[in-house]
Amino acid sequence: MNGADGRRVSVEKRPAFESPAVLATPVTPPASMPRPAATGFGAGLVVARVVAGIAWLVGLGLQWDTVVREEIDLVLEPGTDEAAASDLVLLVLLVAGAIVLAAELLLAVLIWFGSNWARITVMCFSTISIAVAWIDSVTGSTEITLRTTFVTLALDILVLLALSSRNARAYAQRPRVRVILHRRWAGGPALRRRRGH
């Protein structure tokens, strides 16, 4: 590789395979380590997943009658018990989905600020999501297309790649500077002087 002045600059390349022992070696980054691009990108991807989830929930709410008719072959008539039960099921799904998306958004914020447990939690959920999508695709129950799970699957893979990088791990495991706030005793001499006693 050539530098700005035309001289050849040697760049250290990572090997294609590294043993788990090397990858598990503890890192000791400085406390003032700046936020790496991988961490910011990973947090942004988690937010993108939340946006995709909101769009999915909105689409589900708008097309609920069609989903019920096609999946369980039931035509809902307004004012019937079936329609009321269907509305209740939809409400439960929307509330549960909103809670999950709110938790995911909170994890994205924590990742942005360098929380290691939030990073690991998101990576675990992404791994499970990828595995479930693969199993569904292999068994033929769900086809991976743009209309189904392609977007969320792609986001999961990118999240996993970004947050598992060395820079993201080092930033999440950097030592924190603890700030301890001391409260003055209410009867202390400094406080008594301030009160004029």
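**Entry 1: the model.** I noted at the outset that this is a predicted model.

**Entry 2: helices α2 and α6.** I looked up how helix α2 (residues 37-62) lies against helix α6 (residues 150-163). Their axes come within 8 Å and cross at roughly 160°. Angles over 145 degrees count as roughly antiparallel, and α2 and α6 are therefore roughly antiparallel to each other. I recorded the crossing of α2 and α6 as left-handed.

**Entry 3: the contact.** I then listed the residues that make this contact. From α2 they include Phe41, Gly42, Leu45, Val46 and Arg49, and from α6 they include Leu155, Asp156, Val159 and Leu163. By type, the residues of the contact of α2 with α6 divide into 11 nonpolar, one polar and two charged.

**Entry 4: the core.** I looked up the largest nonpolar core and found that it has 12 residues, among them Leu45, Val46, Val122, Leu155, Val159 and Leu163. Helices α2, α4 (81-112), α5 and α6 each supply at least two residues of this core. I set beside this a general remark: in soluble globular proteins, nonpolar side chains tend to be buried together.

**Entry 5: Val159.** Which residues does Val159 touch, not counting residues up to four places away in sequence? I found Gly42, Leu45, Val46, Val122 and Ser126.

**Entry 6: Ser126.** I located Ser126 in helix α5 (residues 116-139). Is Ser126 buried or exposed? Its relative accessibility is 2%, so Ser126 counts as buried, the cut-off being under 20%. Leaving out residues up to four places away in sequence, I found that Ser126 touches Asp156 and Val159.

Definitions and conventions
Residues numbered from 1 in each chain as written. Predicted model: local features only at pLDDT ≥ 70, side-chain atom pairs only at ≥ 80, totals over all residues. Heavy atoms only, no water. Axes fitted to C-alpha atoms, helices over the stretch in contact; angles between N-to-C directions. Helix = DSSP H or I, 4+ residues; strand = E, 2+ residues; numbered from the N terminus. Parallel < 35°, antiparallel > 145°, perpendicular 65-115°, else oblique. Left-handed = near helix turned anticlockwise from the far one by under 90°. Contact = heavy atoms within 4.5 Å. Nonpolar A, V, L, I, M, F, W, Y, C, P; charged D, E, K, R; others polar. Buried < 20%, exposed > 50% of the residue type's maximum accessible area, 1.4 Å probe, protein only. Core = buried A, V, L, I, M, F, W, Y, C linked by side-chain atoms within 4.5 Å.
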